[in-house]
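Please look over the sequence and the structure first.

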Amino acid sequence: MSQFLAPEIAWGALTPILIVFAGAVLGVLVEAFVPRGARRNTQLALSMVAVAAALVAVVWRWTVLSVDGAVSVLAGAYHEDPFTVMTQAVLLIITVVALMVIADRTAVGDGAFVASGATRPGSPEEEDYTRGGFAQTEVFPLVLFSLGGMLVFPAAADLVTLFIALEVLSLPLYILSGLARRRRLLSQEASLKYMLLGAFSSAFMLFGIALLYGYSSTFRYAEINVAATLVPGMDTLLLGGVVLVVVGLLFKVGAAPFHMWTPDVYQGAPTPVTGFMAAATKLAAFAALLRFWYTIGYQVQWDLAPLMLGAAVLTMLIGTVLGIVQSDVKRMLAYSSIAHAGFILLAVVSVQQQALGATLFYLLAYGLATVGAFGVISLVREVDADGTVTADATSLEKWKGLGTRHPLLAGAMVLFLLSFAGIPLTSGFIGKFVVFSAAVEGGYAWAVVLAVLASAATAFFYVRLIVLMFLNDPADERTTVVGSEGPTTIAIGLCAVGTLVLGILPGPVLELAAWASTILP
């Protein structure tokens, strides 16, 4: 009689992920058993404790890795190495500040989320739920579930694990995108577009996974890498599989020509969700792309490098040119994020070890500025003829004169915009410098020249908003700034401080990023 051998699982390496998922499951139980009046505060406290505890666990794993070295978990399906731990730390830091913006109901007590997502927009049922003070507090466990998938995504060293993590991080975001309190039809349209296009990208990735399995008879990155040097005459399968998996990942980072969802979803989703999605999803997806490309993709680099470079250049051009003509601040930042994706792709295709840490630093800088910018947007509102505060004032014209009426809030927005533009003494400048340096080391100096020109052009639409805020008289008195309950103000302040500190004293974080430039094969 054969004996059953229990698998050995390095539970310590999975601790941060288990904490986040445990918090998400407890959040679901809170929705079922905690009274409605206490539900929101309970969910917020639970979410913040779970993320903080996961961050502590990541720091612990950091110290363990520095002594014991990288480990492979679950028979090679999950790799805990310096790159994984650094990515998870940055994800958790960004989520902490994003949760503050998500939780804020502002001084008028409305918040960004609909009272009940199941009600039809404009229906009597919706009015009843709103009048009754209901709150869609399920957003907190949904954020945690998505975060859990993001924590797995960069550590996945197995194609099945990669796909599962992709779906776990994406499905909650599809729901969150459709829960805006106002302009609900636009929000639901954004959710539907995101889901449908996300399904297409998942299909591409699945097809690519099938081709790679057919090529190597395995799902493990390391084994596919070995097969690439031992299996002759089947390079077409390898090439096709890598291309299709990369397409699925490029969709998540919002790179052209797979960027179509980005402007509509950024505009329609609740503003706090847009900030979280723009910062955290891009970080997780780029980290997963780096691991896949540096483990498998480099085997066909000579065949795919021109395509990746073409995607990077096209992404920069589309983000820059279309961003200039936008009249909505959320769509403008959407095209800004597309341009940033193009800049980072240059580091990915360079296949330089320093590009790993450089990308993480860039995404940390970009993430803090993004959450802060959308936090500011969530406080700038329209006022109707009756004096009632309504939806976010996203039209650029409505931001005229904001700096004279609310200098601190507008000043924070200026700082974030300058960081996006890569102005010295901001984190964005250091991020672009290290990413472009990696691309030059990889032999793509000509592409870096294009990136610098595109970056200079993107400064136009950032400066345009700054001019509107500080050098124009208010054109529309029906724009106001609502007070924060506190969390959004704290989040904006933390993001502003982080943006300045990383720009003025980047050394310690760059050293950590250099240490994190190690991927377990």
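Lys252, Val253, Gly254, Trp261, Thr262, Tyr266, Met277, Thr281, Lys282 and Ser337 line the second largest cavity. The model is a predicted one.

**Second largest cavity**
- The second largest cavity holds about 50 Å³ of space.
- Three helices each give at least two residues to its lining: α9 (235-253), α10 (261-268) and α11 (271-295).
- Sorted by class, the lining of the second largest cavity has 4 nonpolar, 4 polar and 2 charged residues.

**Cavity count and largest cavity**
- The model has 3 cavities of 30 Å³ or more.
- The volume of the largest cavity is about 70 Å³.
- Its lining includes His340, Tyr362, Ala365, Tyr366 and Ala369.
- Ser419, Phe420, Ser427, Gly428, Gly431 and Lys432 also line the largest cavity.
- Two or more lining residues come from each of α14 (353-379), α16 (407-421) and α17 (427-441).
- The lining of the largest cavity splits into 5 nonpolar, 5 polar and 1 charged residue.

**Largest pocket**
- About 380 Å³ of space lies in the largest pocket.
- The pocket is lined by 24 residues, and the closest to its centre are Arg40, Arg105, Phe134, Ala135 and Gln136.
- Helices α2 (36-68), α3 (82-103) and α5 (139-152) each supply at least two residues of this lining.
- Helix α2 gives the largest share, with 5 residues.
- By class, the lining of the largest pocket has 9 nonpolar, 8 polar and 7 charged residues.

**Nonpolar surface patch**
- A nonpolar patch on the surface is formed by Leu425, Val497, Leu500, Val501, Ile504 and Leu505.
- Together, the patch residues have about 560 Å² of accessible area.
- Which helix holds Leu500? Leu500 lies in α19, which spans residues 487-504.
- Why does Leu500 count as partly exposed? Its relative accessible area is 36%, and partly exposed covers the range between the buried limit of under 20% and the exposed limit of over 50%.

Technical notes:
Residues numbered from 1 in each chain as written. Predicted model: local features only at pLDDT ≥ 70, side-chain atom pairs only at ≥ 80, totals over all residues. Heavy atoms only, no water. Patch = residues over 30% accessible without salt bridge, like charges linked within 9 Å, V, L, I, M, F, W, Y side chains within 5 Å. Areas by Shrake-Rupley, 256 points an atom, 1.4 Å probe, with all protein chains shown as cover. Salt bridge = Lys/Arg side-chain N within 4 Å of Asp/Glu carboxyl O. Helix = DSSP H or I, 4+ residues; strand = E, 2+ residues; numbered from the N terminus. Buried < 20%, exposed > 50% of the residue type's maximum accessible area, 1.4 Å probe, protein only. 1 Å grid on protein atoms, 1.4 Å probe; cavity = no way out; pocket = protein on both sides within 12 Å on 5 of 7 lines; lining within 4 Å. Points joined across faces, edges and corners; volume = space filled by probe spheres on them. Nonpolar A, V, L, I, M, F, W, Y, C, P; charged D, E, K, R; others polar.
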